Amino acid sequence: MKVGLECLRSIKDELEVPILTDVHEISQVNSVLEVADVIQIPSFLCRQTDLLVAAAQSGKIVNIKKGQFASPQIMEKAVEKVQRSGNDKVMVCERGSSWGMQDLVFDPRQLVWMRKCKVPVIMDCTHVCQQPASFATPNMSTGFGDMVPVMARAAVAIGIDGLFIECHEDPSSAPVDGSIQLPLPLLQPLLEELLEIAKVVKYYDHK
């Protein structure tokens, strides 16, 4: 973890951008808060009360990924745990649902229902396109990277507050998640397109 945080600090200093990264254990929070601007709770840990409280007490923004097993109502409870710990800087993130059939499904209604959390709603356009490890690929997950722009367009049309998109200059050489990463040259034109969609959504929201 120490090496990873040093890499993130270098990126933050060189590019002058905020940093988001996961914590998986309470013991990691104090080290991560020295570098990260946003502490992310992984999806499978979204109900882990002690981790949510520790992240909240860091004073950083907390991004809670919705578990593949979780409902929007469960996410309301997760948000409450952070807020009751004295931190109102919290977001929730959709990343698909799974019922043990080696696939993730994106239900657009989840984004609407998570509005009841009354915090920013983020769409993870990358991992919602993931296919968990299966008998065919027991040691790694795969997915459909070409669907990332599709998911992003759908989410922005619904009216979300932010997007999570993993990018790589050459996804085929990425050490992990290469099959679902967006090639970096495609990011700017996609964002420009999404901004145009967002303008239309905001126009009709205010009519």
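This is a predicted model: local features need pLDDT of at least 70, side-chain atom pairs count only at pLDDT 80 or more; totals for chains, interfaces and linings use all residues.
Local features need pLDDT of at least 70 and side-chain atom pairs count only at pLDDT 80 or more, while totals for chains, interfaces and linings use all residues. Residues are numbered from 1 along each chain as its sequence is written, and side-chain values use heavy atoms, with hydrogens and water left out.

**View 1. Helix 6 against helix 7.** Here helix 6 (residues 148–158) packs on helix 7 (residues 187–205) at an angle of about 25°, and their axes sit 9 Å apart. So helix 6 runs roughly parallel to helix 7 (angles under 35 degrees get that label). Their crossing is right-handed. Helix 6 brings Pro 149, Ala 152, Arg 153, Val 156 and Ala 157 to the contact, and helix 7 brings Leu 190, Glu 193, Leu 194, Ile 197, Ala 198 and Val 201 (contact means heavy atoms within 4.5 Å). Sorted by type, that's nine nonpolar residues, two charged and no polar.

**View 2. Glu 16 in its loop.** Glu 16 counts as exposed because its relative accessibility is 72% (exposed means over 50% relative accessible area, with a 1.4 Å probe and protein chains only).

**View 3. Lys 118, another loop residue with positive phi.** Lys 118 lies between helix 5 (109–113) and strand 5 (121–124). Phi here is near 60°, again in a residue other than glycine. With 76% relative accessibility, Lys 118 counts as exposed.

Key:
Axes are lines fitted to C-alpha atoms, for helices over the stretch in contact, and angles run from 0 to 180 degrees between N-to-C directions. Helices (H or I, at least four residues) and strands (E, at least two) are DSSP runs, numbered from the N terminus. Angles under 35 degrees count as roughly parallel, over 145 as roughly antiparallel, 65 to 115 as roughly perpendicular and the rest as oblique. A crossing is left-handed if the near helix is turned anticlockwise from the far one by less than a right angle, and right-handed if clockwise. Ala, Val, Leu, Ile, Met, Phe, Trp, Tyr, Cys and Pro count as nonpolar, Asp, Glu, Lys and Arg as charged, and the others, Gly among them, as polar. Buried means under 20% relative accessible area, exposed over 50%, partly exposed in between (1.4 Å probe, protein chains only).
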